[in-house]
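Please look over the chain shown here before reading the notes on its fold.

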Amino acid sequence: MLNLKIRALAEKIRDKGLRKKVIELLENPVFEIGGKVFSGLPLDVSPAGLSHHHCYQGGYMEHIISATNLALALCNSIEKVYNGKVNRDLVIAGILLHDIFKPVTYTMNENGNYVTTGLADYMDHLSIVISELVRRGFPLELIHVVSAHHGEYGPIRPHTIEALICHLADLMDSRLNGEVLNAAAYLVKKAVGEELPGLTSKEAFEIIRSKADEGWEGVAKTVEKIKKGRASRKT
Ligand SMILES: [Fe+2]
Ligand SMILES: [Fe+2]
């Protein structure tokens with residue numbers, strides 16, 4: 001079943017036809033090629049990256065929800081401060097779908113680590129989503145928003161305000177998450193002399209907060225708390 005928060009965001013798309021197409025893809029994000037169906041990790045479980053950002057269970061959902069919030073904040077600023085016009089349907093649809101095929105490129109190995117699938121040896125998430133959007137008859141303007149979400153590192157730079165908003169929101173959220181994870185990892189190493197692998201964003205924010213509130217001792221206490229919590233979940 002589609003995550004309720006994601007569904008609520010998709011429901012904000014006013015254009016009925018586009019909304020229907022977006023929800024259909026969100027509900028069934030499978031990719032078929034040469035008669036073979038690739039489905040990958042469920043959206044609720046998948047990370048949204050393997051190393052730099054959102055690289056833990058549930059990271060994909062966090063990234064999509066946070067990037068949508070940021071994109072809508074940019075829409076507000078453009079409309080209310082700059083008097084600009086934005087097609088919010090394209091922004092919401094674009095940001096909800098921009099990484100929809102990342103989970104199809106991830107799997108979990110026998111050691112419990114997230115790794116790439118065989119499909120990822122041949123296609124990246126951007127090529128997959130573009131071909132699927134074309135196959136499903138999505139409008140060209142939406143296809144552009146998704147194609148341009150990697151900005152200067154992608155196949156095309158953003159040429160519309162909606163594409164620019166999605167690119168910036170994506171960049172902002174991945175950067176925010178990546179910086180917080182890096183900072184927390186640094187604090188842990190410095191406070192207790194060892195690494196705490198697989199940090200989630202919630203743990204990372206807690207570690208950073210504890211440094212601000214109680215210094216290195218606070219970090220060491222939080223690391224202990226996280227370790228205990230993990231151990232009790234395992235038993
Ligand atoms: Fe992406
Ligand atoms: Fe993204």
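## Basis of the model

This is a predicted model, in which local features need pLDDT of at least 70 and side-chain atom pairs count only at pLDDT 80 or more, while totals for chains, interfaces and linings use all residues. Residues are numbered from 1 along each chain as its sequence is written, and chains are lettered from A, with ligands numbered from 1, in the order in which they are written.

## Overall fold

The chain holds eight helices and four strands, where helices (H or I, at least four residues) and strands (E, at least two) are DSSP runs numbered from the N terminus. Read from the N terminus, the order of these elements is α-α-β-β-α-α-β-β-α-α-α-α.

Along the principal axes, the C-alpha atoms fill a box of roughly 55 × 50 × 30 Å.

## Two residues with positive phi

H54, which lies in the loop between β2 (36-38) and α3 (59-80), has a positive phi of about 45 degrees although it is not a glycine. H54 is buried because 27 other C-beta atoms lie within 10 Å, the cut-offs being 20 or more for buried, 12 or fewer for exposed and partly exposed in between, with C-beta atoms placed from the backbone.

N83, in the loop between α3 and α4 (88-97), likewise is not a glycine and has a positive phi near 60 degrees. N83 is exposed, with 7 other C-beta atoms within 10 Å.
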